[in-house]
Amino acid sequence: GGRSIFYSKVVVGKPSTPTHTVSGNIKYIILYPYWMVPKSIATKELLPKIKRDREFLENNNFQVLDNNGKIIDPSLVDWASLSRTFFPYQFRQSTGCDNSLGILKFDFYNPFSAYLHDTPEKYLFSRKSRFYSHGCIRVEKAMELAHLLLADNSMAVDTLINNPCRINQRPEYVPLKAPVNIFIVYSRAWPTQQGELNFYNNIYRQPE
């Protein structure tokens with residue numbers, strides 16, 4: 001009916017890793033999602049930390065997978081031999097409140113492997129400028145959004161309220177009754193909930 005039914009602050013991509021404009025549809029919500037670390041993040045950001053601190057993986061609940069998706073013992077890996085150009089592994093962060101995706105993921109197919117998700121870094125939503133991600137969108141009211149999208153099937157989300165921080169919980173896929181279209185747009189002018197028009201900086205330096 002042309003009215004807003006939900007509003008939430010978000011955290012989006014840094015200028016160096018912008019959130020892309022894209023459309024798609026959400027077919028299900030993932031409870032207790034794994035974070036499958038993209039290779040670029042694994043090699044540029046995590047690998048140097050592991051070389052400095054071999055307990056980094058365990059302290060941050062990461063698993064190491066080979067090319068076949070099999071979990072391997074990190075102590076058997078020759079970390080010194082690995083680099084951005086030679087990295088035959090993948091990192092997977094197990095579930096829990098410290099998981100980088102939080103406890104909810106709103107997945108949808110797109111060429112940028114972007115999605116909406118919860119986050120443990122709630123303090124970032126209090127900031128006026130919220131460009132901190134690698135391109136995905138962190139949703140402040142992730143739980144409320146899940147209730148809205150699942151409608152009558154939202155009971156599955158209620159279990160998160162009672163036990164949100166399960167460690168090593170297998171992800172659960174909760175289907176929506178019907179796919180929900182999603183459109184991610186980049187606009188330098190946008191109305192507030194009160195109908196006031198705000199203008200914003202061209203943080204991604206897109207052509208006027």
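Two strands count as paired if DSSP finds at least two bridges between them. In this predicted model, strand β4 (residues 62-65) and strand β6 (residues 90-93) are joined by four bridges, so they meet that cut-off of at least two.

- Four strands form an open sheet in the order β3-β6-β4-β5, and their pairing is antiparallel.
- The edges of this sheet are β3 (35-36) and β5 (71-72), each of which pairs on one side only.
- Strands β4 and β6 run antiparallel to each other.
- Within this pair, Gln63 has Arg92 in β6 as its bridge partner.
- In general, the strands of a sheet pair through backbone hydrogen bonds, in either a parallel or an antiparallel way.

**Lys105 in strand β7**
- Strand β7 covers residues 104-107 and includes Lys105.
- Lys105 has a relative accessible area of 12%, and it is classed as buried because that value is under 20%.
- Apart from neighbours within four places in sequence, Lys105 is in contact with Tyr28, Ile29, Ile30 and Pro33, and also with Tyr115, Leu116 and His117.

**A nonpolar surface patch**
- Phe183, Val185, Trp190 and Tyr200 make a nonpolar surface patch of about 490 Å².
- Trp190, one of the residues of this patch, lies in strand β12 (residues 189-191).
- The relative accessible area of Trp190 is 49%, so this residue is partly exposed.

Methods:
Residues numbered from 1 in each chain as written. Predicted model: local features only at pLDDT ≥ 70, side-chain atom pairs only at ≥ 80, totals over all residues. Heavy atoms only, no water. Helix = DSSP H or I, 4+ residues; strand = E, 2+ residues; numbered from the N terminus. Buried < 20%, exposed > 50% of the residue type's maximum accessible area, 1.4 Å probe, protein only. Contact = heavy atoms within 4.5 Å. Patch = residues over 30% accessible without salt bridge, like charges linked within 9 Å, V, L, I, M, F, W, Y side chains within 5 Å. Areas by Shrake-Rupley, 256 points an atom, 1.4 Å probe, with all protein chains shown as cover. Salt bridge = Lys/Arg side-chain N within 4 Å of Asp/Glu carboxyl O.
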